[in-house]
Amino acid sequence: MTGHYDELETRSGDERFADLARDLPDAIGRAKTAPALARILQGVDADLVTSRAALAELPVIRKSELSEAQRKSPPFGGFTTRRPHEFEHVFQSPGPIYEPGMRGGDWWRLGRFLFAAGVGAGDIVQNCFGYHLTPAGMMFESAARAVDAAVLPAGTGQTELQVRAAVDIGTTVYAGTPDYLKIILDKADEMGERLVLNRAVVSGGALFPALRQAYADRGIATTQCYATADLGLIAYESPAMEGMIVDEGVIVEIVRPGTGIPVPDGEVGEVVVTTLNGDYPLVRFATGDMSAVLPGTSPCGRTNMRIKGWLGRADQTTKIKGMFVRPEQVAALVARHPEISRARVVAERAGDMDVMTVQLETDAQDAARYAGTVLDTLKLRGRVELVAPGSLPNDGKVIEDRRSYD
């Protein structure tokens, strides 16, 4: 399938800037009609939030806050602009966390991903995402409907029946986690059946290069997307296979873990997402995932920001000498000294003892001057090591645990 899903995908930089200036104030204003967001954004003038820089001044919302709000005010914690019965679906993800859903209009926006993968009219999608409690099955069902593909609502398990259905129906596209497709293919081999699958659209797990190649060797082109139950589609692969293109319905920032401060393009940090979904308008929602901006635009012609995909988890909270050290404490340490560009806490073992080293990127020469700040912010004493600016690894880690208990 050639072309693009809509004209949004190929906007110029100037067009994107102008559209953001128009749409962002409306999105923030809509968000402030949700009770929980009205409290979080109290005092924010939505009309002034017209750029990414202005957005970066707003507080970050973490999943722990959402979970706590839902416990106090179930099911959605005041983060939606509709009442629960006004949604067409209510889902429960592990936690538990409750998410709303709507059937119309490709509410989770995954149709854009399926279109980029070449899925459309004439295809039958074997949807092996779960349909019970969690929303993944309905997310991909909605996406298939958006691109005029038919769906076999297969869910998970009963692999022999999955093979039988795939053969009898002639499903052409697999949707599910990356590894479950291999189970289906192996069962088909065992049963002596040949499947006509030629594409796979996957999410919810790691797509290792060797697994992607194994599917390619069977004639199955596999592409993946990055999506969550809360936010819907965040980013997706295109046939160009260079990074993941950010969806047109969200604004993605990469921030230093423990802060809401955006990092320079190319530096690894935490993915923070603002969704333009008026029913569930999460603003600067921290995913807990790590990624980095990939410079330039995709060769496929889509012009939105690209990210490198999943690069680990941002929650690096670590217990050292019996005390928890959190990324936000490391951020507070850096904030105390303008001459420090980055910091990294390293936990190691010396015999039966924990040892903490605090590495600071700075041109300063006197490590002793920072000992007091380390104690004040981290509540622990540790060795301070000064390193040259730009010398710490670009992996997004602010706390590195090198301890082994083997």
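Colleague: In which helix is Ser67 found?

Modeller: Ser67 belongs to helix α4, residues 63–72. Helices here are DSSP runs of H or I of at least four residues, strands are E runs of at least two, and both are numbered from the N terminus. This is a predicted model, in which local features need pLDDT of at least 70 and side-chain atom pairs count only at pLDDT 80 or more, while totals for chains, interfaces and linings use all residues. Residues are numbered from 1 along each chain as its sequence is written, and side-chain values use heavy atoms, with hydrogens and water left out.

Colleague: Is Ser67 buried or exposed?

Modeller: Buried means under 20% relative accessible area, exposed means over 50%, and partly exposed is in between (1.4 Å probe, protein chains only). Ser67 has 15% and is therefore buried. The side chain of Ser67 makes a polar contact of 3.0 Å with that of Arg71. A polar contact is a pair of N or O atoms within 3.5 Å; within protein, one must be able to donate a hydrogen and the other to accept it, and residues adjacent in sequence count only if both atoms are side-chain atoms. Glu65 also lies in α4, but at 36% relative accessibility it counts as partly exposed.

Colleague: How do I read the sheet, and in what order do its nine strands come?

Modeller: Strands of a sheet pair through backbone hydrogen bonds, either parallel or antiparallel. Two strands pair here if DSSP finds at least two bridges between them. The open sheet has the order β4-β3-β5-β6-β7-β8-β9-β14-β13, with mixed pairing. Its edge strands, β4 (150–153) and β13 (293–294), each pair on one side only. Within it, β8 (residues 232–236) and β9 (residues 244–246) are antiparallel over two bridges, and Tyr236 stands opposite Ile245 in β9.

Colleague: What lies in the loop between β8 and β9?

Modeller: Ser238 has its place there, and with 3% relative accessibility it counts as buried. Contact means heavy atoms within 4.5 Å. Leaving aside neighbours within four places in sequence, Ser238 contacts Ala116, Ile245, Ser298, Cys300 and Arg302.

Colleague: Which way do the side chains of β10 point?

Modeller: In a regular strand the side chains alternate between the two faces of the sheet. In β10 (residues 250–255), Val250, Val252 and Ile254 point one way, and Ile251, Glu253 and Val255 the other. Six of the six residues of β10 are buried. Strand β10 runs antiparallel to β11 (residues 269–275), joined by six bridges, with Glu253 opposite Val272.

Colleague: Why is helix α6 described as largely enclosed?

Modeller: Helix α6 (residues 136–146) is largely enclosed by the rest of the structure because eight of its 11 residues are buried. Among them are Met138, Phe140 and Glu141. Just after α6, Asp148 takes a positive phi of about 70°.

Colleague: At what angle do α7 and α8 cross?

Modeller: Two packed helices are described by the angle between their axes and the distance between the axes. Axes are lines fitted to C-alpha atoms, for helices over the stretch in contact, and angles run from 0 to 180 degrees between N-to-C directions. The axes of α7 (residues 159–169) and α8 (residues 180–191) come within 9 Å and cross at roughly 75°. The two helices are therefore roughly perpendicular, a term for 65 to 115 degrees; under 35 counts as roughly parallel, over 145 as roughly antiparallel and the rest as oblique. The contact includes Val163 in α7 and Ile184 in α8.
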